[in-house]
Amino acid sequence: RPLDDAVTASDPLSRWKHRREHSDGGEEDELPSSSRGRNGRGRRHSVGASPELLALASPAMSSMGLGRSFGRAAPVSGPWEASIHERGSTRASQYKLRFLPDHRVAGSTEGADGTAQISGSFNPDNHRVIWTEAHPWGSVQVTGHVFYKAHVAQISGTFVATDGGRGKMDLCPG
């Protein structure tokens, strides 16, 4: 049966409801892909959202390309607060990080000796982030892992500096 005029082709929820109401119940294609399992069996639990379900939840979410590989948006761009652990002491630092759509990371951090520029990358498949800080005195290589605590992205990682310094760091949006 054709879609009514009130149901537009751009409304995924209406299209899905229409297919569901007018199917004979025997076609697996009528189910969203997240409801189909191997050999036509349904699944009890879903570990990711299908594109169809993302479109139903929010057209903006489906256009972001969220899928099974990462399932979450990239970390937020903006100010980040860091706790830096080095040689038995802890100090605070401020970062300005930008997570770009092409998975690059850019930004800066201020230190007693001036501003350091940051450039690196973020891998949404394995949640790894790597960047280099270019300081006036040398550079720092940071390798970290993005994780979520209370639905907020955080970064935990290690760093190695060209002046021999090394340690751990934890960052959260600030």
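Which residues does G78 touch, not counting residues up to four places away in sequence? I looked it up: G78 touches Y95, K96 and L97, where contact means heavy atoms within 4.5 Å. G78 sits in strand β1. From G78 to L97 I count 19 residues along the sequence, yet the two are 5.5 Å apart in space, C-alpha to C-alpha.

**Ground rules**

This is a predicted model, so I note its limits: local features need pLDDT of at least 70, side-chain atom pairs count only at pLDDT 80 or more, and totals for chains, interfaces and linings use all residues. Residues are numbered from 1 along each chain as its sequence is written, and side-chain values use heavy atoms, with hydrogens and water left out.

**Confidence**

I checked pLDDT, the predictor's confidence in each residue, from 0 to 100. The chain has a mean pLDDT of 77, with 59% of its residues at 70 or more. Over residues 42–50 the pLDDT is below 50, and this stretch has 15 contacts in the model beyond near neighbours in sequence. Residues 52–70 also stay under 50 in pLDDT, and the model has 28 contacts for them beyond four places in sequence.

**Overall layout**

I found three helices and eight strands. Both kinds are DSSP runs numbered from the N terminus: helices are H or I with at least four residues, strands are E with at least two. From the N terminus on, the order reads α-α-α-β-β-β-β-β-β-β-β. Of the 174 residues, 29% count as buried. Here buried means under 20% relative accessible area, exposed over 50%, and partly exposed in between (1.4 Å probe, protein chains only). Among contacts in the chain with a separation of 6 or more, 28% come from residues 24 or more positions apart.

**The core**

Next I looked for a nonpolar core, meaning a set of buried Ala, Val, Leu, Ile, Met, Phe, Trp, Tyr and Cys residues joined through side-chain atoms within 4.5 Å. The largest one has 20 residues, and Y95, L97, W131 and L171 touch the most other members. Strands β1 (78–86), β2 (89–99), β4 (114–123), β5 (128–135), β6 (138–149), β7 (152–161) and β8 (166–173) each supply at least two residues of this core. β7 gives the most, with four residues.

Leaving aside neighbours within four places in sequence, L171 is in contact with W80, E81, A82, Y95, L97, W131, Q154 and I155.

**Rings**

How many aromatic pairs does the structure hold? I get three. The rings of Y95 and W131 have their centres 6.0 Å apart and their planes at 55 degrees, so this pair is tilted. The rule: rings of Phe, Tyr and Trp (its six-membered ring) pair if their centres lie within 6.5 Å, and planes under 30 degrees apart count as stacked, over 60 as edge-to-face and the rest as tilted. Y95 is in strand β2 and W131 in strand β5, 36 residues apart, so the pair links distant parts of the chain. Y95 is buried at 3% relative accessible area, and W131 is buried at 0%.

The rings of F99 and F122 also have centres 6.0 Å apart, but their planes are at 85 degrees, so I log this pair as edge-to-face. F99 is in strand β2 and F122 in strand β4, 23 residues apart. I read F99 as buried at 10% and F122 as buried at 5%. Ring pairs link W80, F99 and F122 into a cluster.

**Charges**

My search of the whole structure turned up two salt bridges, each a side-chain nitrogen of Lys or Arg within 4 Å of a carboxyl oxygen of Asp or Glu. R91 pairs with E86, the closest N and O atoms being 3.0 Å apart. R91 is partly exposed at 43%, whereas E86 is buried at 14%. D102 pairs with R104, and there the closest N and O atoms are 2.8 Å apart. D102 is partly exposed at 46%, and R104 is partly exposed at 46%.

**Last stop: H135**

Is H135 buried or exposed? At 16% relative accessibility, H135 counts as buried. H135 lies in strand β5 and, leaving aside neighbours within four places in sequence, is in contact with T109, A116 and V140.
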